[in-house]
Amino acid sequence: MVSFSAVAKRYPGGEEALRGVTFSVDAAELLFITGRSGAGKSTLLKLIPAIERPSAGTVLVNGQNVAALKRAAIPYLRRNVGLVFQDQKLLYDRSVYDNVMLPLSFSAHPPKEAARRARAALDKVGLLAREKANPIQLSGGEQQRVAIARAVVNRPSILLADEPTANLDADSARRILDIFVEFNQVGVTVLIATHDHELVREYGKRVVTLEAGRAQ
Amino acid sequence: MKAWFRQHAQAFGRGLARVGLLNVLVIGVALALPAGGYALIESLHAVSGRLALDPQISLFLDAKRADTDALAAALKRDARIARVRFVPREQALKELGTVQGLPELMAALGRNPLPDAFVVTAREESIEPLAAELAKLPGVAHVQADALWARRLGSIARVARMGLWLLAVLLGVALVAVTFNTIRLQILTQRDEIEVSKLIGATDSFIGRPYYYAGLLQGLAGGLLALAVVAISLALLNREVRVLSESYGSNFRFDFLSAGDAFAVVLFAGLLGWAGAHLSVRRHLRAIEPS
């Protein structure tokens, strides 16, 4: 589903975030990527939806070489990759429901179908009752769940999460990871980057550890 | 297809919401200047068009000394002259009688003060040397090159029209710049939404569409406002002009732009707004990339 071979990423200014990372994720697998901050976890995830381009090596997503994609093709790649960030990136000028509707506004769903999907996604993360709220009124864990609902509303085959539990207490963090596990159980490929080794161990899934830009 | 219309309707609505009334005012007032000036010149041009622009020379004869037949023969022989028309003094008086206010004057004079005249049409455009020569012919009392002042008026109108075109071009550039900057500010304030939209797979054209509509609608609204400003200004002007022209026995007034010209003003404004939005979107929307 996703495969990295000898991927290096050097940022302008010379900082080397990744120095030859090779690994692959099967379809419908759930993989944890761990490592200390600065180990290159975020960079690795950003290469998959072409937010960053690799300096060397190839990143394949569904058999497509992401680095070779034309600018115009990138939005269509991203629609198939759900993204959840540490800082949610929600829009605070609109309701929870409108945040989740955003990815549906540019795909060709009829309005009723779009509304049904948005509500289904909110229901899945347990926030249907808060659809009219502004995200700012929600707790950190709830905001993260809104971000997950937004990431899955277009039914992507791959779900990426960068430190989704970073600022949450243990219970909220577990709840978030449980939701990812549920999506994984219905066939979504999930990659979660986290520095929380303890929590990762509880789930017994495959783990790739990054250290100084290399996979261990 | 339905989805396409829905997306455009949505973008239209969002574009409409971004149209700034103050910008419409700026564009409208700016465009009213050349559009109004054009209306004034066209109205004056319609009047000056009725004046003879042919290279004509009038020869007024000295009644005592003139040998009309010999003079006519001499004029007809001249290779530089295309046509010769004799206007006897009785006929000239009759023609003057049709001009408002003059019959009373004529009656007061009691006798016909007008001389016989030849109206000569030259073959060449420059008639001054010919006029000077004809003035020396025996029996010719006075020579007048009629077309001269009418042509000067025509030249002035051409200069004014050229000035208006330059003004229109400059203000058109200003319109593009105003739209460019407005759209730039809107893009910057919507930065978060644009960044998130790009992250979740919105295409550049989807994100840019409301801004294109905003630029287009702002231009069109500015164009319509410019027409309204011109219409109101001309109506106010005409109230005073009517008093003035009635005192000259004329029914002259300034006309509004023709339907075609009015349509062109609005279309032109809309296109320039669209162009400003296009430049701004290309430059500023692409610069926003999620990181």
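Two residues are in contact here if their C-beta atoms, placed from the backbone, lie within 7 Å. Keep that in mind for Phe180(A). Leaving out residues up to four places away in sequence, Phe180(A) touches Leu30(A), Leu159(A), Ala161(A), Val190(A) and Ile192(A). One caution before going on: this is a predicted model.

So much for one residue. Now the core around it. The largest nonpolar core has 102 residues. Four of them touch the most other members: Ala149(A), Leu159(A), Leu160(A) and Phe180(A). Which element gives this core its largest share? Helix α9 of chain B, residues 204-247, with 14 residues. As a general remark, nonpolar side chains in soluble globular proteins tend to be buried together.

Next, the sheet in chain A. It is open, with 6 strands and mixed pairing. The order reads β6-β7-β8-β3-β9-β10. Why is one side of β6(A) and of β10(A) left without a neighbour in the sheet? Because β6 (81-84) and β10 (214-215) stand at the edges, each with a single partner strand. Helix α5 of chain A, residues 140-152, packs on this sheet. It touches β6 and β7 (158-162), and its direction makes about 170° with that of β6(A). For β10(A), the pairing is with β9(A), residues 206-211, antiparallel over 2 bridges. There, Glu211(A) stands opposite Arg214(A).

Helix α6 of chain A covers residues 170-185. It lies across β3 (30-34), β7 and β8 (189-194) of chain A. Against β8(A), helix α6 runs at about 155°.

Look at the pairings of β3(B), residues 117-122. With β1(B), residues 56-61, there are 5 bridges, and the strands run antiparallel. Phe60(B) stands opposite Ala117(B), and Ile57(B) has Val120(B) as its bridge partner. With β2(B), residues 81-87, there are 6 bridges, again in the antiparallel sense. In that pairing, Ile81(B) faces Ala122(B).

Now the interface. How many residues of chain B are in contact with chain A? 13, against 12 residues on chain A. Helix α8 of chain B, residues 191-199, gives the largest share of the chain B side, 5 residues. By class, that side has 7 nonpolar, 4 polar and 2 charged residues.

Last stop, helix α9 of chain B again. Ile232(B) sits in this helix. Is Ile232(B) buried or exposed? Exposed, because Ile232(B) has 11 C-beta neighbours inside 10 Å, and the cut-off for exposed is 12 or fewer. For scale along the chain, take Tyr211(B), 21 residues from Ile232(B). Their C-alpha atoms are separated by 31 Å.

Technical notes: Residues are numbered from 1 along each chain as its sequence is written. Chains are lettered from A and ligands numbered from 1 in the order in which they are written. This is a predicted model: local features need pLDDT of at least 70, side-chain atom pairs count only at pLDDT 80 or more; totals for chains, interfaces and linings use all residues. Helices (H or I, at least four residues) and strands (E, at least two) are DSSP runs, numbered from the N terminus. Ala, Val, Leu, Ile, Met, Phe, Trp, Tyr, Cys and Pro count as nonpolar, Asp, Glu, Lys and Arg as charged, and the others, Gly among them, as polar. Two strands pair if DSSP finds at least two bridges between them. A nonpolar core is a set of buried Ala, Val, Leu, Ile, Met, Phe, Trp, Tyr and Cys residues joined through C-beta atoms within 7 Å. A residue is buried if 20 or more other C-beta atoms lie within 10 Å of its own, exposed if 12 or fewer, and partly exposed in between; C-beta atoms are placed from the backbone. Axes are lines fitted to C-alpha atoms, for helices over the stretch in contact, and angles run from 0 to 180 degrees between N-to-C directions.
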